[in-house]
Amino acid sequence: MATFEVCSELYAETDFSTTDATNGNSISKFTFVYPKENEKTKRQNGCSVEEEGNKLDFNGYGLNGVDDQSNGLQTDVQKLSSEKSVILAELEDKPSIETDKDGDLIVERKKKGVIEIEHLKSTKLDLVGLQIWRGALLLADYILHNEKKFKNKKILELGSGVGLTSIVSSFYAREVLCTDIDVGGLLQLIQANILRNSSLKNPNCNVVVTELNFKVPYVNYPDALKAQLQDVEYVIAADVIYDDNITEAFVMTLENLLLELPKLKGIYIALEKRYVFTLEDMDSVAPSYEHFLRVFYRRNNRFGITRWKLMQIPLNFPRYFEYEKIKDLVLLKISN
């Protein structure tokens, strides 16, 4: 893996009131708006976000055979749909004008919260989990918008990084299993961030921080970890698709969890498609995202049948955190 340093674009886009910690790390404040009660119920009479999602048809992505090359992995129609979702989400952010019985303007006062996160501003590629990336905030938005789905559920986060989405999950869940690899003091940092924000969580929620390495086969997991996983209902992951070797191990982990967890209802994966121009394709492509789709396709169809559904969730839910909700963000769901 390359040794150059990388830096999340978030810090240049938004002022997170970042200060320096005594240990050389940074501490940033991620402000969010609590969902209004009417936002939680306004879709009861219509389709849910997932019911309106698009099933990813691999035949349309140049993946008819396992050795086929990808041709871009997104049609013009899907690009327009993605852009429309972003526009709709931005429109939903704008407050509606309401008046009282006397015709006076009702001024909406949104309830805000702040999550304080200790992190690094730049790292080598193998330690990018020590930073915060856009996908984590997108996934956090989705969780905030779907309290009913995640309320009193047990949630497993893979590749938790500095723990932001696990902290948001703890607002609603009964238990959050927050996992990552134990390198660079990452697990200790997650634990410190959870403690720093403990006043925000559901008081009945139990948050457990433990190691789960994508490169370790499920059969070799400690018995204690296997026991903890048995009643997991949702799996979440953000910004874990950026390196081909890690992606392949991540897909194997997903396959194992889909096969081994009896109560699993769905897996949600948030990421940002990062485009590069290649002479081979003579086009801008998103190689990490495309590699994930190829690997998942192979594993999902290796017995000649499609075992799991992969859906792309529209991003037409409100933005609660402060960041740029760009059109290259993607939210996927895998389910039986």
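Let's start inside: the largest cavity has Ser166, Ile167, Ser170, Ile194, Asn197, Ser198, Lys201 and Val207 around it as its lining. Before I go on, this is a predicted model, where local features need pLDDT of at least 70 and side-chain atom pairs count only at pLDDT 80 or more, while totals for chains, interfaces and linings use all residues. Residues are numbered from 1 along each chain as its sequence is written, and side-chain values use heavy atoms, with hydrogens and water left out.

A cavity here is a set of points, on a 1 Å grid over the protein atoms alone, where a 1.4 Å probe fits but cannot get out; a pocket is an open set with protein on both sides within 12 Å along at least five of seven lines, and lining residues have an atom within 4 Å of a point.

So how much space lies in the largest cavity? About 50 Å³, taking volume as the space filled by probe spheres set on the points, which are joined across faces, edges and corners.

Now the largest pocket, with about 520 Å³ of space. It has 31 lining residues, and Gly129, Gly159, Asp180, Val240 and Tyr242 are the closest to its centre.
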